[in-house]
Each structure stands twice: as structure tokens, then as C-alpha cells.
Amino acid sequence: SFSLQGADEETLQYFVHYQNTIILFTNVSLPCHLFFSQTVLSQKLSLCSKLCFAIGGAPKEVAASATAFFLQIYLLDVAQINAFQASMVLFIGKVWGAVTDPIVGFLIMKSRWTKIGRLMPWMVGCTPFLVVSYFYLWFVPPFITGRFIWYLGFYCLYQTLITCFHVPYSALTMFLSTDQKERDSATAYRMTMEVLGTLVGAAIQGQIVASAHTLKHCPTHNVTAGYLGNSSGAEIVKSPVHSQDYLSHAVSLPFYRGFILVMRHGPYLTLTAAFLFITVAIQLVQSNFVLFCTYAADLKDHFHNIVLTILVSAVISIPLWQWFLERFGKKTAAFCGITWIMPFTLMLVFIPNVAVAYIVAVSSGLSVAASLLLPWSMLPDVVDDFRLANPYSKGHEAIFYSFYVFFTKFASGISLGVSTLCLEFAGYDTGACKQPAPVVYTLKLLIGAAPVAFIVTGLMILLLYPISEDVRLRNKVCLEELR
């Protein structure tokens, strides 16, 4: 037992880990002596705890991978809305999803604690509505003139609901343990499960899209053939996922103060800006890859297997990157992992044959794993650094995670909308078996040069990231002393 005599009882917020449950004491109005039967509790997470936490992220990625890889070609060639309308659906939907992130973060901060915590009710409550919205996103309505509004509405609803799951789920990382190593380990488990979810989503949807390609009667000798003309195949794929809610522009003073403090924290801004550009690069490759294989390379019969190869490589390499970041540091791991993809994407553009495509797929999986694991492994370090710099400002974890997702989603939405709009300007012919030369050239730029430029920009910003391994270990010692 220990005594808290002399503590400031007006602002006291003390976290006690007891049987893996966090008890929050806020605005304590008790006698100055508080006694706890257990003071030093093990922060080591069990394998079961890590797996249970990690499994929660898998269903989200099943849906996310299907939309990331196949929604664009679905809107163009199945729903058969024109490229400008498809770009508006993707852009507005992504931006809407980004806007809802900080709103959800604010609402979570204002939520009351329940028997299952403050974050869990958000994830559990909205999941059924997310399933419905996701189903109708892949459903072709019987009318034609209103399809743009249909897909725009359900994509925005899907983005809204998915945010409400993702923000509280990602913020849970900070409450698993006070031990940085245990949080990093839990994050690695989570990323492994999420990539497995991505693999499942891409496998299911990829096979459906591939079968739709074989059903379309385009000339088999045409290397740019490929058209998703059968809507029945791509309408199925349901995945139980997560959710969200929106509303309210009113901001309370405590939230506003916390927001200002977070936005003034240099390491957070640097990390967010760096991975914003890197995420945009990965998003460009991911969203245009199927179109590239279909219309710009003779890979239309292989794209689903290539996607699976990328994801299998990513799943296998996540433990490798976890070992690498523990051995050489997170910043070094980020540079090595993200840089790896650049020469291989350019290789695929200039040598688009099957053998090269599979080599590129295996190599790209390494970078995909790094881009998934490292930002979520580095963000808790930024939160720890913020806690040391602002020891009396607590409870802002949701702001860190929600605004990180906001900025990356917003940038991805812009890039996705602009890339689809570029196809419209290049003369994309909806429903055609062969696209004109400017469209092929545009797809090569979107797969090769553009992602490389974004990655280089992101890595240049990451050079300014101040939390090295020495700083991280020093922060860990200081936080332990404070606790």
C-alpha cells in the first residue's frame, strides 16, 4: 500500500492496473490517504490478451481491403457510373470519413464510463449498422439515373461507421499496458491479424472479380482486355466490421485546449506528416493496381493472385519488422521498410510481365507490412513524449489517434479522387475492353512515378522526427519515475 498525502485532489487522475482493468480516479474528493492492496502489478500482457486485442482489427480490414482494391473498378465497370462521378464518390467519401474522425474523438472524450469501459460501447453498438451499409455499397440498384447518389450515400455512411470503430479500437493501445515493449508487441499482433483480414478480403473479392472477368466476352488475345460487366458476382462479400456516429460541431474548452496542445507537439506533427505522404503512395498503388493489370499490362488473368502474394508476404514479414525495430530502432526500420518498395514498383511499370510481377509482389509485401506496423508502433511513443511535456494534461489519447486518421484519410481521399479524375481527363471509356493510350500512360504514372515522389517526400520529413531510440528509452525511464 502507499499514501497519496499532499496530492492535488482537484486534478488528480491516477491509473491503477488491476487484473487488466484500468480504474480511473478523476476529481478525487476522498481523504488524503488512499490505500491499495496491490501497488506494483505486472504490466506483461498474456498471449491471450494480445490475441483478443488483435482479432478485433481483422474484420475491419476484410472490408477495407475489398474497397481499397476493387471499389474503383467496381464503380466504373460494374455500376457503370462515369469516371468523374466515381472520382466524386471516392473523394467525398474519403473526405467525409476523415472529417468524422476528430468528431468521433471528441464524442468519445465526452462519453461516460460504463461497465465495459468508455471505448467498447462505440465498437459494439455500431457494428450491425456497418454490416448493412457495407452490403448495400456492393449492391447494384435497379435504377440507373440515381446510382451516383446511391453509392455516394452508402460510401459516406460506411466511412462514418467504420471510423467509429477504428478510433476507439486504435486508442485502446495506450490502455493495454504502461510498458512500451508490451504495447509494441500487442501492436505487432494487431497488425498481423489486420493483414490476415486484408488477405481474406482480397482473396474473396479477388476471386469474384476474376470470375467476372472470365464471364465478360472480350477478345482473349487482347492484352488490355478486361471488363467487369457482370454485376452479380461483385455484389456479394459481407464482413462483420465496426462502426461510427457523427454530429455536433460544438467544442468544449477542455477539448479545445487539448487539441491545441496536441497540434503544437512537434513529434506528432512530424510523424503524421511523414506517414501522410507514405500512406498516399500506398493508397495510389492499391487503388489503381487492378486497373493497371487490366488495361496497362498483360496481367488481367493474374492480378488476384498477385494481390494475394503481396498480402501473404506482408503477413510473413510483420514478425521480421517487429524484430528489426526492436534491434535497430523504429526510425531506422521505417526508412528501410518504406524505401524497399520504390525500385520494385518502377520495375513493374517498365517490365510488365508475369515473372517480374510476382517478384515485385513479394518485395512490395515487405514495405506494405512496414507501412502498416510502424506508424501505429511509433504513435504511442509520441503520446508518451507528450505526457512528459504536459504532465498535467491527461486523457487526450483519442485526439492523437483520431486526428492522425483524419489527416491520412483526408490526404488519401484527395489522391484517390484526383487519380480517378485523371483517368477521366485521359479519356477512360467505361465498359470498354481496351482503353486508349493516354489512359494506359496515366495508369503507369499512378503506379510508378507518383508513389515514388510521395514516398521520397514522406521520408524526407521523417528525417526530422526527433524521437530516437535514446529519447524513447529516456522517456520510458522518466514515465516510470513519475508513476
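For the terms: buried means under 20% relative accessible area, exposed means over 50%, and partly exposed is in between, with a 1.4 Å probe and protein chains only.

**Ground rules**

I am working on a predicted model, where local features need pLDDT of at least 70, side-chain atom pairs count only at pLDDT 80 or more, and totals for chains, interfaces and linings use all residues. I count residues from 1 along each chain as its sequence is written, and side-chain values use heavy atoms, with hydrogens and water left out.

**The whole chain**

I found 17 helices and two strands in the protein chain. Both kinds are DSSP runs numbered from the N terminus: helices are H or I with at least four residues, strands are E with at least two. Of the 483 residues in the protein chain, 56% are buried. I then turned to contacts, meaning heavy atoms within 4.5 Å. Among contacts in the protein chain with a separation of 6 or more, residues 24 or more positions apart account for 82%.

**Aromatic rings**

How many aromatic pairs does the structure hold? I have 26 of them in my notes. The rings of Phe, Tyr and Trp (its six-membered ring) pair if their centres lie within 6.5 Å; planes under 30 degrees apart count as stacked, over 60 as edge-to-face and the rest as tilted.

I looked up phenylalanine 165 and tyrosine 169: their ring centres are 5.4 Å apart and their planes lie at 20°, so this pair is stacked. Both residues belong to helix H5 (residues 147-171) and sit four residues apart, about one turn of the helix. A reminder to myself: an α-helix has 3.6 residues a turn, so residues three or four places apart point the same way. Phenylalanine 165 counts as buried at 9% relative accessibility, and tyrosine 169 counts as buried at 3%.

My next pair was tryptophan 323 with phenylalanine 324, which is edge-to-face, at 6.4 Å centre to centre and 70° between the planes.

**Charges over rings**

My test here was NZ of Lys or CZ of Arg within 6 Å of the ring centre and within 35 degrees of the ring normal. Arginine 190 lies over the face of tryptophan 376, at 4.7 Å from the ring centre.

Threonine 187 is buried, with a relative accessible area of 0%. Leaving out residues up to four places away in sequence, threonine 187 touches Thr173, Leu373, Trp376 and Ser377.

**H11 and H12**

How do the axes of H11 and H12 cross? For helix H11 (residues 330-339) and helix H12 (residues 341-350), I noted axes that come within 5 Å and cross at roughly 5°. That makes H11 roughly parallel to H12. Angles under 35 degrees count as roughly parallel, over 145 as roughly antiparallel, 65 to 115 as roughly perpendicular and the rest as oblique. The axes are lines fitted to C-alpha atoms, for helices over the stretch in contact, with angles from 0 to 180 degrees between N-to-C directions.

Gly337, Ile338 and Thr339 of H11 meet Ile341, Met342 and Pro343 of H12. In H12, the buried residues are Ile341, Met342, Phe344, Thr345, Leu348 and Val349. Their cover includes helix H9 (266-296), H11, H13, helix H15 (437-447) and helix H16 (449-462).

Glutamine 80 has a positive phi of about 55° although it is not a glycine. I located glutamine 80 in the loop between helix H2 (58-77) and helix H3 (83-110), and this residue is partly exposed, at 42% relative accessible area.

Proline 391 is in the loop between helix H13 (354-389) and helix H14 (397-426), and counts as partly exposed at 36% relative accessibility. From C-alpha to C-alpha, proline 391 and leucine 482 are 9.1 Å apart in space and 91 residues apart in sequence.

Is leucine 482 buried or exposed? I have leucine 482 as exposed, at 57% relative accessibility, within helix H17 (residues 469-482). Leucine 482 and leucine 388 are 94 residues apart in sequence, with 8.9 Å from C-alpha to C-alpha.
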